[in-house]
Amino acid sequence: MFKLKVPKKQRDKIRDKLKVPNAIEYDYVLTTDKDLIETDKINIVFDEDNVDKIGRIMDLLVKGEDVYITGYNEVGQKNIESRYIHYFIIEDDDVIAVLNKVRFVVKMKLYEVESLLEDKYFIRVSKYALVNINRIDYIKPALNSKLILLMKNGDEVEVNRHYYKSFKETLNI
Amino acid sequence: MDTFLIFLEFLLNNALIVTVMTLATFLTFYLIHRAYKELRINYKLRRFQNHLRNLTTKPNQKRIAVISLRVFAPVVIVFLILQVTLMPSPEYDYHMTQLDSAQDIESIHEYYHQKFSMQISLRSAAQEVGSTTLAEDSIQISAEPMMDTLKSDGEFIYYLHENGLTVITPEDSTNPVNHKITEPFIDILDFSPKALYVEGSNIVVIGTGSQNNVSMLEDLDDDNDINTYIVIFEKNETFTLENTYIVNGEFLDAHKHDANLLVTTEHSIIVDEGLDYSLPEVENNGLVHKTVYSDIYYIEGTKPEVFISILQIDLDNKTTNQKVIYSDSENRILFSEGDIFFVSESLLFYEATEMFIMSEPIARVRTAITKFSIDNGELSYDITKLINGTSLDNVSIDVTLNEIRLITIDHSSNTKHHLYVLDLYLETKHVIYDLDFNGAKVIASTYFGPHVYFITDQVENNLYVMDYTDINTPTLTNVSTIKQFSSVVAQYDESHLIGIKYTSINSNNGPVDGLRISLYDVTNPLEPVEIFFETVALSDFGYNLSDVPKTQKPFILSVEHNKLILSINTGENTSGNIQEAVLVFDVSYNSGFTVSSIESVQAPIVYDANRVIILDNHLYIIFYDDVHVFTLENFINPIYQFNIE
């Protein structure tokens, strides 16, 4: 999402503060030198003293680009920010979005949800479940090359053997 | 190397256990590997989430620490359980078991007998530590009268010998022998005199022997037929026999405090012949009291081979009280007023290693100190204290009115020593661990207030002085000004010591054995100076042996009369007799030592050497049955002599 372009002597210090990953595809260029701007991107030119402010702006940009999912329950309909959803799971042919304490039925197929949230750090862990990586509390290795994901709401989701490899690659384990 | 051989032996003898242990090792490695993987995967997750969710937040180190704890806590708990099981702390794990029944004794015997019978290398190593050509026994008991067979109450001199008790009237040269008491000693087979006490109107005689009857004669070689006799006479015109107490077992030691007499004996246990046969018993004027099991105590970890009886006799009321320790035969006994301390070796066996087949059990050597005291006039068990290391037989244990000081040697290193200072309740006042004497072993130690003189087995520079005035910063100094310090040291006054050691003296016939007697100035305790010395070539007098450098008993130091008196015993001569002699030295700060007198007679056997007494400015020397009386001014000729036979 972001690319950091700063002189070498400043790079490590600013990268350490902003925690900007090395992204190949990006929309925003962060730089302290206006000569380094890229005309086809959105450029943010900042002074080194304002690194903390840039960090907060980056947070807002990330959050502002969130995807909303429409879910239903006995109360009614709600648009849910995807970052609040812990995981999606198929129960009785329904796709359920599980939040901290409430659950919503999503009127989409799981592969459609997966496609929609492809860039939003959701990852498929089994034929029946799609998990928000940010909402994983702890990973417990199990026998038979499986992983048990302990979610922050206390639920457990199993990483299927078929998805084990891709899950590890995503986390760069 | 020993540990490695034990491990090899273990591998050969325990194929099944080895297999299980190998599998357990692999399982342990697998679990640790899994724990590492689990930790790593969660660390990576946390880093990844940090990138995604909150770009300005650093990885949460606290969170990672919690995860680490969660993963490794079970491993740590298992490790700690193993540690506690295999390596119990020797300082705080102690027991004194009060027995209830014969089954208790049998089970202790059964449990420990096998272990100790396998304890070959450990026992021999401990004995090796104590073996030396120097001091064998240098127990120092300050302010306590030494046990001996010659005593005076100011009116009479009492001398105990194998034929009985002789009462001598001092200075009555015409008729010095007041009384000869042979009853009841003639009824005791092979009576051996041991100790004599005078308390008020009571004269207490202690000796050993066997009961002179036919049934006992059949098993005279058996140690269990030896009895200790305590005979009390009333001091009157006829010296009436009042009480006779008989305790089974060999006499060990005795101590009198006020009207309480404590007598310790030891006899071995023959479990196979039934415990009733071995149980200690006291015969009081013909009435036999057998020990009850609740009066028997076992010091855990000691070798259960003998019963040590402690008999308390109230000399006023003639009542008795007996306690028994089931223990090894290597106990050292110390007294301080009404307290009695037993110091023995106690092994802490590592129970967890018992599942393995080993040639010897794995154990840690400790020293157990057990205290009995007279409480409200009655002897009772008080406390047992365990400390690290082995207390060497030849190393001083010092009991004062306030504290016990002793040095132990670490069994595993054989050169590291620990100095313990305990109060009389056996609470540790100070302890100094890991004293290193340049790799040497301590063979004797002498305590002077906050200073300790350690004498090691080094040929040169064998004296070390410890100053623990400030217990937090004790200093240990190797004294280089004195090349070889004396092996026995006694305090002459506050700033002077007298020391004695064996030495080699050049004579016309080449080097001969001799004694070197030294007077040290210890005004500065850290820098003792030998201000005078005198050598005595024992061979010049036809003597070739003296116990003086080994034990303090034949060593009389009269500060009041400036006299040093040494007893000298010789080897057997051609006629089968053994020479005995006494050397009397005048001690002077100006001129050192001057030999005053040399006396010798023929004697058939060597007796306890303490047979000299200074009384009313007269010196009484008893050579077996001859009494020689000197004035303190003239030691050349006795003013009179007589035979007590």
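**Exercise 1.** How many bridges join β16(B) to β17(B), and do they run parallel or antiparallel?

*Solution.* Keep in mind that this is a predicted model. Start with the pair itself: β16(B) and β17(B) run antiparallel and are joined by 8 bridges. For one cross-strand pair, take B:F307, whose bridge partner in β17(B) is B:Y326.

**Exercise 2.** Find what lies opposite B:Y298, and say which way the strands run.

*Solution.* First locate the strand: β15 covers residues 296–299 of chain B. Then check its pairing: 3 bridges join β15 to β17(B), and the two run parallel. Finally, B:Y298 stands opposite B:Y326 in β17(B).

**Exercise 3.** Work out why β17 of chain B counts as largely enclosed.

*Solution.* Go to residues 320–327, the 8 residues of β17 in chain B. Of these, 7 are buried, so the strand is largely enclosed by the rest of the structure.

**Exercise 4.** Decide which parts of chain B to read with care.

*Solution.* Now go by element: β16 (residues 306–314) has the highest mean, 92, while helix α5 (residues 120–130) has the lowest, 33. Over residues 55–60 of chain B the pLDDT is below 50, though the stretch has 20 contacts beyond near neighbours in sequence. Residues 601–610 of chain B also stay under 50, with 33 contacts beyond four places in sequence.

Notes. Residues are numbered from 1 along each chain as its sequence is written. Chains are lettered from A and ligands numbered from 1 in the order in which they are written. This is a predicted model: local features need pLDDT of at least 70, side-chain atom pairs count only at pLDDT 80 or more; totals for chains, interfaces and linings use all residues. Side-chain values use heavy atoms; hydrogens and water are left out. pLDDT is the predictor's confidence in each residue, from 0 to 100. Helices (H or I, at least four residues) and strands (E, at least two) are DSSP runs, numbered from the N terminus. Contact means heavy atoms within 4.5 Å. Buried means under 20% relative accessible area, exposed over 50%, partly exposed in between (1.4 Å probe, protein chains only). Two strands pair if DSSP finds at least two bridges between them.
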